[in-house]
Amino acid sequence: MSDIELLMNALGMLGIVCSIGLGIWIVFLLSDIKQLRLSVDNLKHTLDEMDEQAKLVVRTDIELNKAQEELDKKITGLYTLQTLSRQISATLDEAQIFSKIEPPLLADLGFEKAVAFGWDESHPGAVIRLSAGFSEAETAAISSLIDGEKTHFKRLISDERAVSSISPSIDQGFRNKVCTIFKVTAFVISPYLPKEGNKGIFLAGAENPDTVINEGDEELIKILANQIGQALDNARLFEKTWQAHQELESRVEQRTRELSQAFEEIKRVSQRKNDFVSNVSHELRTPLTSIKGYASILLSGKLGVIPEEAHKRLEKINKHSDELVQFVNELLDIARIESGRMTLKIAPVNLKNIVDEVGDMLTVQMKERQIAFSSILPDAIPEVMADYSQIKRVFINLVNNAFKYTQAGGRITVRVQRVDTGIQVDITDTGCGMPEDALDKLFTEFYRVDTAINQEVKGTGLGLAMVKHIVEAHKGNIWVKSKVGAGSTFSFTLPQSV
């Protein structure tokens, strides 16, 4: 075989080898291309996802900004509502309540205009109580236009219902008329409903077409309208209270003048009574002294022997003269105490000495009636500040009074004890007692309990009255507890010696 053939064979073999290598390379190249396509697809998918995420981020950011704006608007609205509520609530003048709702505060609520109106029986048309954001000419025009929609507005008041331009339940015709009357593009209407007085409508509106209201705006205006209603109630209540106070003051002044005049008249009458009693008593003393003197002379036998019958009658004259003198003396004492002419010699007094003296004074009479007398006085009982002779009269009168109404075999007890108000004295008997309805009148001058026993026991009805005056002149109190058939307890207090 020639060299040429060998060369050709070698080249053929080389071509075969090259073709095989090229095929293998193409196979590997196609595999790489496939891998690249897969990577491109993955990258495209990743880019698409990133694009969606970016869009989501943008949308979220826009929504967050919008939410933040809404939140800022609500916070501003709530702060403004709080300010308005505080100012309105602090106003007690009904005419000034609506004047607190000014345009700057409305703007913070998201509105440019506000109107408050209602109807009054004394006025033929609608009464505008607030007009913010309107000129005088516009306000005058609104007043007449409102009456044309009076039925709709009255229905909102009766239903106690708030509506807005976005309310699905609002009549579109009414919505358009409201926008036309008040020249607004959006609005909220809420009735203000005081418990008393005329109810009305509060309207807040926006004239900017880009203004968007929501349910939060409706709630703010509704709350503000409620605040207006409560403020009107407070103002009217204050007005009523003030008028009642003025009327009460006037009545008190008038009554005070009447009472002062009556008191002065009572003082004059009392003075005349005391003067009369004093004069009469003094006038009675002279003839009584003469009667008693002549009776005593006759009884002594200095003018001759007196027949037995005449002697008995002279003794009665003498006895009744003594009773009449005592009566006159008691009248004089009461008159002196009431007029302040009695001078008390106040000094420390040991009540045990007085109780012992009164017991000794009445011992004989009590033994004759078999009435037991006892006293209960602690050894350490303090002295009292009193007039010795006058307090002794109190004890004598009360113990003697107990003696009169205590049957044979009964008991009279005097107890002295310390209490918060000073020293208290209780004089208790086991006598007939008194009905409850008589106790309040017992210390009244000339009053005597209407009982069968009192028909037999003589008395003037002045003793207890005098006792009361003496105790009260010592700045003490006196009272009685009694029950029919169960005896009585007379109690009085005296100031303790320091």
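A helix axis is here a line fitted to C-alpha atoms over the stretch in contact, and the angle between two axes runs from 0 to 180 degrees between N-to-C directions. The model described is a predicted one. In it, the axes of helix H11 (residues 388–404) and helix H13 (residues 463–473) come within 10 Å. They cross at roughly 145 degrees. The crossing of H11 and H13 is left-handed. On the H11 side, the contact is made by Gln390, Arg393, Val394, Asn397 and Leu398. H13 contributes Gly463, Leu464, Met466, Val467, Ile470 and Val471. By type, the residues of this contact between H11 and H13 divide into 7 nonpolar, 3 polar and 1 charged.

Aromatic rings were examined next. The structure holds 6 aromatic pairs. One of them joins Phe117 and Phe153, whose ring centres are 5.0 Å apart. Their planes stand at 80 degrees, and planes over 60 degrees apart count as edge-to-face, so this pair of Phe117 and Phe153 is edge-to-face. The pair links distant parts of the chain. Phe117 belongs to strand S1 (residues 113–119), Phe153 to helix H5 (residues 150–159), and 36 residues separate them. Phe117 has a relative accessible area of 0%, so it is buried. Phe153 also counts as buried, because its relative accessibility is 0%.

Phe153 has a further partner. With Phe174 it forms an aromatic pair that is edge-to-face. The distance is 5.4 Å centre to centre, with 70 degrees between the planes. Phe153 lies in H5 and Phe174 in helix H6 (residues 172–182), so the pair ties together parts that are 21 residues apart in sequence. Phe174 has a relative accessible area of 4% and is therefore buried. Ring pairs link Phe117, Trp119, Phe153, Phe174 and Phe182 into a cluster.

Helix H4 (residues 136–148) packs against several of these elements. Its buried residues are Thr139, Ile142, Ser143 and Ile146. They pack against S1, strand S2 (126–132), H5 and H6.

A charge and a ring come together elsewhere. The charged end of Arg369 sits over the ring of Phe403. The distance to the ring centre is 4.5 Å.

Ile166 is found in the loop between strand S3 (163–164) and H6. Its relative accessible area is 40%, so Ile166 is partly exposed. The C-alpha atoms of Ile166 and Asn214 are separated by 7.5 Å, although the two residues are 48 residues apart along the chain. Leaving aside residues up to four places away in sequence, Ile166 touches Ile213, Asn214, Glu215 and Glu218.

Gln370 lies in the loop between helix H10 (363–369) and strand S7 (372–376). Its phi is near 55 degrees, a positive value in a residue other than glycine. Gln370 is exposed, because its relative accessible area is 60% and the cut-off for exposed is over 50%. Lys475 is found in the loop between H13 and strand S11 (478–482). Phi of Lys475 is near 65 degrees, again a positive value in a residue other than glycine. With a relative accessible area of 76%, Lys475 is exposed.

Definitions and conventions: Residues numbered from 1 in each chain as written. Predicted model: local features only at pLDDT ≥ 70, side-chain atom pairs only at ≥ 80, totals over all residues. Heavy atoms only, no water. Helix = DSSP H or I, 4+ residues; strand = E, 2+ residues; numbered from the N terminus. Left-handed = near helix turned anticlockwise from the far one by under 90°. Contact = heavy atoms within 4.5 Å. Nonpolar A, V, L, I, M, F, W, Y, C, P; charged D, E, K, R; others polar. Phe/Tyr/Trp six-rings, centres within 6.5 Å; stacked < 30°, edge-to-face > 60°. Buried < 20%, exposed > 50% of the residue type's maximum accessible area, 1.4 Å probe, protein only. Lys NZ or Arg CZ within 6 Å of the ring centre and 35° of its normal.
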